[in-house]
Amino acid sequence: MTLKQYINKFLLFFLLFSLSSQYAFGADQITDIRCWSAPAHTRVVLDIRGSHSYKKFTLTNPDRLVVDFKDTSISLSQNKIAVDDGFIKQIRFGNFKKDVLRIVFDLVQSTETKISAFSKLPGKTDRLVIEFFHPDLKELAEKKRVKIGSDLKHNKIIVIDPGHGGEDPGAIGPGGTMEKDVVLTFARSLKKIFDEKEGYQAFLTREGDYFIPLRDRIKIAGDYGADLFISVHVDSNHNRKLRGASVYCLSLKGASDEAARCLAEKENASDLIGGISFTQNDDLNFTLLDLALTNTINSSLRLGSLILREIKSVHPIKFDKPKQAGFRVLKTTEIPSVLVELGFVSNPDEERLLKQKKFQVNVSQAIVTASDQFLTR
Ligand SMILES: [Zn+2]
């Protein structure tokens, strides 16, 4: 083959390739379906490329939710996904007509649903999130928490919040460790040590791999009438050498520094990544003159300093005093609340350490000791 023939062949190949890829990208396509089951809701996430126009309707006998997509293909090898979480039996999909892709949710019983579209986040495609709500169960769970709280009113109640969950993995370490998993394991260890202490009872905001909106997490603590709220996270940085634990509190008048502001921004993005269509009304309107809030923040800062002092004896810390920024999960006028970053999952040594039982127990013990000092002082 001469060079000219070779170039011609290459150009032809290039032209065909670009035409075919144009065609493939021109049509709408669903590239993945993920399902996250919580005690009172199920959230189904569709990764979708294209305009994603859909039509939603319900069918009865048996109960089904149907979502039809026009001119859309699906790139999954199977044609159904078993869910069996007590609300959805399974999700089936296929071409209902030549140009209509139909997704059918076989339901255990009819339920409230909501579909929200989320545009691209870095490293993600556009997403459609289909939520199946069970308001009666949600209400029941709230009542149960209030009842437990009043039954235990002579105890100190601690609510531990494992950050992220479900669609929101949080930070991911070089070895693939996900923040949402490592903080859930840690939260269980922390709960166990609180529960073993006389006069203490701890509860978690989430017990599994699902996402709870940031505002709901602090509300759960309020239902229990919690004495303390501790949100547990792990840090991440492009500088893999960074390590150490840190503690953060709410600030109403700007962040302590740029790093704290960035961290709060990253943690506050959780709702969006987790598939929650956040509305302005969900946020509480605080003012700088709110005395109760100022007192609560001052208490939180005292608790944070004690936690750092105790952690320091078992694990390096980044700084001696808590830093402050506008963390949405910490917005409460009533409960001293801190956000603890246990260490850097981006540091390969700390990534390994975070998963070790000994580390989890030592740091848990430090947090329990500090909390006890704070509450009994
Ligand atoms: Zn986090």
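1. Strands S14 and S16 run antiparallel and are joined by three bridges. Helices (H or I, at least four residues) and strands (E, at least two) are DSSP runs, numbered from the N terminus. Two strands pair if DSSP finds at least two bridges between them.

2. A note on the source. This is a predicted model, in which local features need pLDDT of at least 70 and side-chain atom pairs count only at pLDDT 80 or more, while totals for chains, interfaces and linings use all residues. Residue numbers start from 1 along each chain as its sequence is written.

3. Strand S14 (residues 246-250) also pairs with S15, in the parallel sense and over three bridges. Tyr-248 stands opposite Lys-323 in S15, and Leu-250 stands opposite Ala-325 in S15. S14 is mostly covered, with five of its five residues buried. A residue is buried if 20 or more other C-beta atoms lie within 10 Å of its own, exposed if 12 or fewer, and partly exposed in between; the C-beta atoms are placed from the backbone.

4. What is the order of the six strands in the open sheet? The order is S12-S11-S13-S16-S14-S15, and the pairing is mixed. Strand S12 (200-204) and strand S15 (323-325) are the edge strands, each pairing on one side only. From one strand to the next the twist averages 30°; axes are lines fitted to C-alpha atoms, for helices over the stretch in contact, and angles run from 0 to 180 degrees between N-to-C directions. Strands of a sheet pair through backbone hydrogen bonds, either parallel or antiparallel.

5. Strand S13 pairs with S11 and with S16. Five bridges join strand S11 (residues 156-162) to S13, and these two run parallel; Ile-158 stands opposite Leu-228 in S13. S13 and S16 also pair in the parallel sense, over six bridges. Asp-235 has Phe-344 in S16 as its bridge partner.

6. Why is S13 largely enclosed by the rest of the structure? Eight of its eight residues are buried, so the strand is largely enclosed. In a regular strand the side chains alternate between the two faces of the sheet. In S13 both faces are covered: Leu-228, Ile-230, Val-232 and Val-234 are buried on one side, and Phe-229, Ser-231, His-233 and Asp-235 are buried on the other.

7. Helix H7 (residues 291-312) has 22 residues, which at 1.5 Å a residue should span 32 Å, and its end C-alpha atoms are 32 Å apart, which agrees. The expected span is 1.5 Å times one less than the number of residues. The buried residues of H7 include Thr-296, Ser-300, Gly-304, Ile-307 and Ile-311. Among the elements that cover the buried residues of H7 are strand S13 (228-235), S14, strand S16 (337-344) and helix H9 (357-376).

8. A nonpolar core is a set of buried Ala, Val, Leu, Ile, Met, Phe, Trp, Tyr and Cys residues joined through C-beta atoms within 7 Å. The largest one has 60 residues, of which Ile-158, Val-159 and Ile-307 touch the most other members. Leaving aside its neighbours within four places in sequence, Ile-307 is in contact (C-beta atoms, placed from the backbone, within 7 Å) with Val-247, Val-338, Val-340, Ile-367 and Ala-370. Another core lies apart from it, with 28 residues, among them Ile-30, Val-83, Phe-93 and Phe-211.

9. The loop between strand S3 (54-59) and strand S4 (64-70) holds Pro-62, and Asn-61 is found in the loop between S3 and S4 too. A cis peptide bond joins Asn-61 and Pro-62, with omega about 0°. Asn-61 has a positive phi of about 55° although it is not a glycine. Is Asn-61 buried or exposed? Asn-61 is exposed, with 5 other C-beta atoms within 10 Å.

10. Asp-71 is found in the loop between S4 and strand S5 (72-74). Asp-71 is not a glycine, yet its phi is positive, at about 50°. With 15 C-beta neighbours inside 10 Å, Asp-71 counts as partly exposed.

11. Ala-269 sits in the loop between helix H5 (258-268) and helix H6 (270-274). Ala-269 is partly exposed, with 13 other C-beta atoms within 10 Å. Ala-269 and Asp-168 are 101 residues apart along the chain, and their C-alpha atoms are separated by 9.5 Å.

How values were computed
Contact = placed C-beta atoms within 7 Å.
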